Amino acid sequence: AECIVDEELGIFTEAHFHEALRREFSRARRYREFFTVLKGNVRGFEALALDRRKVAWKAAAQVLSRALRVSDLVCRHPSPGVLWMLCPQSGSDAVAIRQRIESALGAYAGGLDLELAAVVGPEGFETPEAMLARLQEGAA
């Protein structure tokens, strides 16, 4: 069985993010609801010494995990110092979700820049694969 949690960081793996994205996409269509995908970049990550990177990434992941709801996911991104957040919602107010997370992050001294990667509604993208491709293009 494939591990869905990155033991080192205590967050979900990128593979689990892809699976969760497909599941949320189906749920959004079925129940005619929305979900939001945010991308978080640990500020100054590339400038950190290698031994400090893991500490900074883990701290950001832990703060995010506490800031989010039980239904939200924090997942590893393939790029160093970057995290995905998948946030189901009952309406289309992605700005409120971003503000709630930014507010909760206010006490985090390390700095995390949030980017709204996508808001997906019932019509959304044609397929979860197309959405993943768009998200990967934006991550480059």
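Predicted model: local features only at pLDDT ≥ 70, side-chain atom pairs only at ≥ 80, totals over all residues.
1. **Helix α3.** The helix spans residues 94–104. Ala94, Ile97 and Ile101 are buried in α3. Viewed down the axis of α3, the buried residues fall within an arc of 60°, so they line one face of the helix.

2. Several elements lie over the buried residues of α3. Strands among them are β3 (34–42), β5 (82–89) and β6 (112–120). Helix α2 (50–67) is also included in the cover.

3. How many disulfides does the whole structure hold? A search finds zero. Take Cys75. The closest cysteine sulfur to that of Cys75 belongs to Cys87, and the two are 9.9 Å apart. That is too far for a bond, because a disulfide needs the sulfur atoms within 2.5 Å.

4. Is Cys75 buried or exposed? Cys75 is buried, at 0% relative accessibility. Cys3 is partly exposed, with a relative accessible area of 43%.

5. **Asp72.** This residue sits in the loop between α2 and β4 (73–76). Despite the loop position, Asp72 counts as buried, at 7% relative accessibility. The threshold for buried is under 20%. Which residues does Asp72 contact, leaving aside its neighbours within four places in sequence? They are Leu86, Cys87, Pro88 and Arg100.

Notes
Residues numbered from 1 in each chain as written. Heavy atoms only, no water. Buried < 20%, exposed > 50% of the residue type's maximum accessible area, 1.4 Å probe, protein only. Helix = DSSP H or I, 4+ residues; strand = E, 2+ residues; numbered from the N terminus. Arc of directions from axis to C-beta. Contact = heavy atoms within 4.5 Å.
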